[in-house]
Amino acid sequence: MKRRKFITLLGGAAAWPLAAQAQQPAMPVIGFLGTASAGPFAHLVASLRRGLQETGFVEGRNVAIEYRWAEGQYDRVPALAADLVRRQVAVIVTVGGEPSAAAAKAATATIPIVFNVGTDPVKLGLVTSLARPGGNATGVNIFTTELVEKRLGLLHDLVPAATTVAVLSNPNFAAAVANVRESEAAARAIGKEVVIFNASSDAEIETAFVNIVQARPGALLVLADPFFNSRRGLIVALTARHAIPAIYEWREFAEAGGLISYGTSLVEAYRQLGIYAGRILKGEKPADLPIVQLSKFELIINLNTARALSLAIPPGVLAIADEVIE
């Protein structure tokens with residue numbers, strides 16, 4: 001065989017793997033839009049990955065994830081959503097409630113969206129119905145606003161003598177107005193007064209606690225907010241320093257040393273987001289995937305914190321606790 005002919009054949013053979021590789025479908029990309037920070041939510045992202053794995057997708061193997069975190073700066077969320085749309089991701093997963101879901105919905109009417117929100121997504125205008133969402137979005141309702149009254153009731157059971165309850169709220173969070181309104185109405189129903197303290201940064205949280213201590217409330221209700229969740233260590237430490245009985249939304253607060261939490265499971269919510277994202281990648285339409293409404297509510301009590309506060313937990317409350325931390 002002549003040398004020139006041999007080189008030509010060799011070159012053609014070398015090109016075969018490249019040609020075969022070019023014919024393989026590109027790895028789908030999920031756009032992840034979060035309102036808070038990556039670190040405190042790492043265990044939740046791990047749950048999202050577990051949900052994806054249940055549908056056959058493993059990050060780095062047959063699916064990629066582009067992460068965008070707003071670091072608690074909610075005004076950044078629309079730009080981050082627009083960036084994911086420009087990236088032409090296959091599906092957008094939004095976490096952190098209404099800000100990210102609304103931003104993604106405003107940024108695209110075609111890319112599928114899987115969201116978690118704290119109240120009825122129909123009322124928020126994200127879907128047309130719970131059973132058949134329609135459009136390009138579906139997701140999970142984690143019930144934050146609806147449980148404000150229950151949390152305040154539990155706080156009353158723990159500290160019945162408290163006539164005034166401080167409420168810590170982030171005014172920059174979209175659900176804050178509804179949550180504050182719910183807390184005020186629930187307080188009136190049981191003959192208590194609430195005093196609202198706003199904070200949207202670490203420094204403002206510190207200042208809010210200075211003002212809370214000066215107001216001398218009998219207890220504290222920390223309203224739902226992804227930024228607060230990302231700063232749960234700081235908030236729990238301040239309540240401990242000032243010996244304030246407090247109730248929180250998520251179990252992560254009680255695990256960090258908070259007195260009591262009552263709410264749905266964020267771990268389960270993120271898992272459901274992963275499952276829906278995987279099903280959409282396999283060809284299902286968000287319009288046909290009903291809204292997941294988490295039905296399990298967890299009451300977590302930290303007895304170590306109760307002892308530090310010299311607070312006796314009523315037997316009736318202990319009896320209905322899903323978990324007691326000692």
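How many bridges join strand E6 to strand E7, and do the two run parallel or antiparallel?

Reply: Bear in mind that this is a predicted model. Six bridges join E6 to E7 (residues 193-198), and the two strands run parallel.

Now look along E6 itself. The strand spans residues 164-169, and six of its six residues are buried. Side chains in a regular strand alternate between the two faces of the sheet. In E6, Thr-164, Ala-166 and Leu-168 point one way. Val-165, Val-167 and Ser-169 point the other way. Both sets are buried.

Arg-232, Ile-235, Val-236, Leu-238 and Thr-239 are its buried residues. They cover an arc of only 160° around the axis, so they sit on the same side of H9. The face turned away from the buried side of H9 carries exposed residues, Ala-240 and Arg-241. After H9 comes Ala-243, with a positive phi near 50°.

Next, the open sheet. Six strands form it, in the order E2-E1-E3-E4-E5-E11, with parallel pairing. E2 and E11 (292-293) stand at the edges. Each has a single partner strand, so one side of each is left without a neighbour in the sheet. Inside the sheet, five bridges join E4 (residues 113-117) to E5 (residues 137-141), and this pair runs parallel. Val-117 stands opposite Asn-141 in E5.

Two helices lie against these strands. H11 packs on the sheet and touches E1, E3, E4, E5 and E11. The direction of H11 makes about 170° with that of E3. H2 lies across E1 (29-34), E2 and E3 (91-95), running at about 150° to E2.

H2 and H11 also meet each other. Two packed helices are described by the angle between their axes and the distance between the axes. The axes of H2 (residues 42-54) and H11 (residues 266-281) come within 7 Å and cross at roughly 40°. The crossing is right-handed. From H2, the residues involved include His-43, Leu-44, Leu-48 and Leu-52. From H11, they include Leu-266, Tyr-270, Leu-273 and Ala-277. The residues of this contact divide into 10 nonpolar, five polar and three charged.

Follow the chain past H2 to Thr-55. This residue is in the loop between H2 and E2 (64-69). Why does Thr-55 count as buried? Its relative accessible area is 9%, and the cut-off for buried is under 20%. Leaving aside neighbours within four places in sequence, Thr-55 is in contact with Gly-274, Ile-275, Gly-278, Arg-279 and Lys-282. Gly-274, Ile-275 and Gly-278 are also among the H11 residues that meet H2.

Finally, step back to the whole chain. It has 13 helices and 13 strands. Of its 326 residues, 51% count as buried. Among contacts with a separation of 6 or more, 71% come from residues 24 or more positions apart. The C-alpha atoms fill a box of roughly 100 × 40 × 35 Å along the principal axes.

Technical notes. Residues numbered from 1 in each chain as written. Predicted model: local features only at pLDDT ≥ 70, side-chain atom pairs only at ≥ 80, totals over all residues. Heavy atoms only, no water. Axes fitted to C-alpha atoms, helices over the stretch in contact; angles between N-to-C directions. Helix = DSSP H or I, 4+ residues; strand = E, 2+ residues; numbered from the N terminus. Left-handed = near helix turned anticlockwise from the far one by under 90°. Contact = heavy atoms within 4.5 Å. Nonpolar A, V, L, I, M, F, W, Y, C, P; charged D, E, K, R; others polar. Buried < 20%, exposed > 50% of the residue type's maximum accessible area, 1.4 Å probe, protein only. Pairing = 2+ DSSP bridges. Arc of directions from axis to C-beta.
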